[in-house]
Amino acid sequence: MFIHMETNHKAEAIKAWMANHKELETQGTLGQRFGKSTTFVNLSLNKRMTTKGAETLVNEIYEYLVEKYGI
């Protein structure tokens, strides 16, 4: 769990959106877009890695998906 609850909610929203839109984005494509490994993206979204970098990544991915797809 992240320190900021809003980040936890964003991670859950990202995972839910990705489950229904696999043809648009995957953890791999998001990793490439943000220069991170698929493993790092996975650990961040599943809240198994809760460092500041992981929290920042979740927030960046959320903002990207909101801008591009309007989630």
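This report looks at the aromatic ring pairs in a predicted model.

## Ground rules

The model is predicted, so local features need pLDDT of at least 70 and side-chain atom pairs count only at pLDDT 80 or more, while totals for chains, interfaces and linings use all residues. Residues are numbered from 1 along each chain as its sequence is written, and side-chain values use heavy atoms, with hydrogens and water left out.

## Two aromatic pairs

Rings of Phe, Tyr and Trp (its six-membered ring) pair if their centres lie within 6.5 Å; planes under 30 degrees apart are stacked, over 60 edge-to-face, and the rest tilted. By this rule there are two aromatic pairs.

In one of them, the ring centres of Trp17 and Tyr69 are 5.0 Å apart and the planes meet at 35°, so this pair is tilted. Trp17 belongs to helix 1 (residues 5–20) and Tyr69 to helix 4 (residues 52–69), so the pair links distant parts of the chain, 52 residues apart. Helices here are DSSP runs of H or I with at least four residues, numbered from the N terminus.

Trp17 is buried at 10% relative accessibility, whereas Tyr69 is partly exposed at 26%. Buried means under 20% relative accessible area, exposed over 50%, and partly exposed in between (1.4 Å probe, protein chains only).

## Phe34 and its partners

The rings of Phe34 and Tyr64 have centres 5.8 Å apart and planes at 85°, which makes the pair edge-to-face. Phe34 lies in helix 2 (residues 27–34) and Tyr64 in helix 4, 30 residues apart. Phe34 is partly exposed, with a relative accessible area of 23%, while Tyr64 is buried at 11%.

Key. Helices (H or I, at least four residues) and strands (E, at least two) are DSSP runs, numbered from the N terminus.
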